[in-house]
Amino acid sequence: QVQLVESGGGTVQAGGSLRLSCAASGRTFNNYAMGWFRRAPGKEREIVAAIGRSLPSTYYAESVKGRFSISRDDAENTVYLQMNSLKSEDTAVYYCAARETSGWYTYYTRGTNYNYWGQGTQVTVSS
């Protein structure tokens with residue numbers, strides 16, 4: 001079992017940057033694949049980025065590729081989402097999620113694949 005707490009959200013003007021953090025409890029964080037999702041008002045939840053137990057194993061949604069970067073620090077039990085060149089379309093509540101896996105490089109892009117979710121952090125991009 002793991003508990004996730006997101007932080008780092010806020011309001012930023014278009015073209016700006018934010019870094020989201022997701023702190024995980026427990027001592028087996030390195031056994032979890034992690035993901036970032038977002039939900040904009042009136043829209044469905046969508047995958048933003050995912051990372052396996054191994055850092056080089058990452059996935060990005062086409063809409064954020066080249067602008068966002070996911071990383072993890074197992075020593076700190078934390079996963080990050082660096083967001084650059086933010087657009088108004090990025091406005092949403094961002095959630096981190098965890099899924100235990102035995103695979104070194106496995107990551108997940110479907111919300112239903114994840115067992116644990118944080119409560120979310122609001123990101124607002126103003127024009």
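I count a residue as buried under 20% relative accessible area, as exposed over 50%, and as partly exposed in between (1.4 Å probe, protein chains only). The model is predicted: local features need pLDDT of at least 70, side-chain atom pairs count only at pLDDT 80 or more, and totals for chains, interfaces and linings use all residues. Residues are numbered from 1 along each chain as its sequence is written, and side-chain values use heavy atoms, with hydrogens and water left out.

**Aromatic rings**

I searched the whole structure and found 6 aromatic pairs. Rings of Phe, Tyr and Trp (its six-membered ring) pair if their centres lie within 6.5 Å; planes under 30 degrees apart are stacked, over 60 edge-to-face, the rest tilted. I looked up Phe37 and Tyr114: the ring centres are 5.4 Å apart and the planes stand at 85 degrees, so this pair is edge-to-face. Phe37 is buried at 2% relative accessible area. Tyr114 is also buried, at 6%. One aromatic cluster takes in Phe37, Tyr108, Tyr114 and Trp117.

**Charges over rings**

I use this rule: NZ of Lys or CZ of Arg within 6 Å of the ring centre and within 35 degrees of the ring normal. Arg53 sits over the face of Trp104, 4.5 Å from the ring centre. Arg72 sits over the face of Phe29, at 4.6 Å.

**Sheet**

Strands are DSSP runs (E, at least two residues), numbered from the N terminus; two strands pair if DSSP finds at least two bridges between them. I traced an open, antiparallel sheet of 4 strands in the order E1-E3-E8-E7. Its edge strands are E1 (4–7) and E7 (68–73). E3 (residues 18–24) and E8 (residues 78–83) pair over 6 bridges. Ser21 stands opposite Tyr80 in E8.
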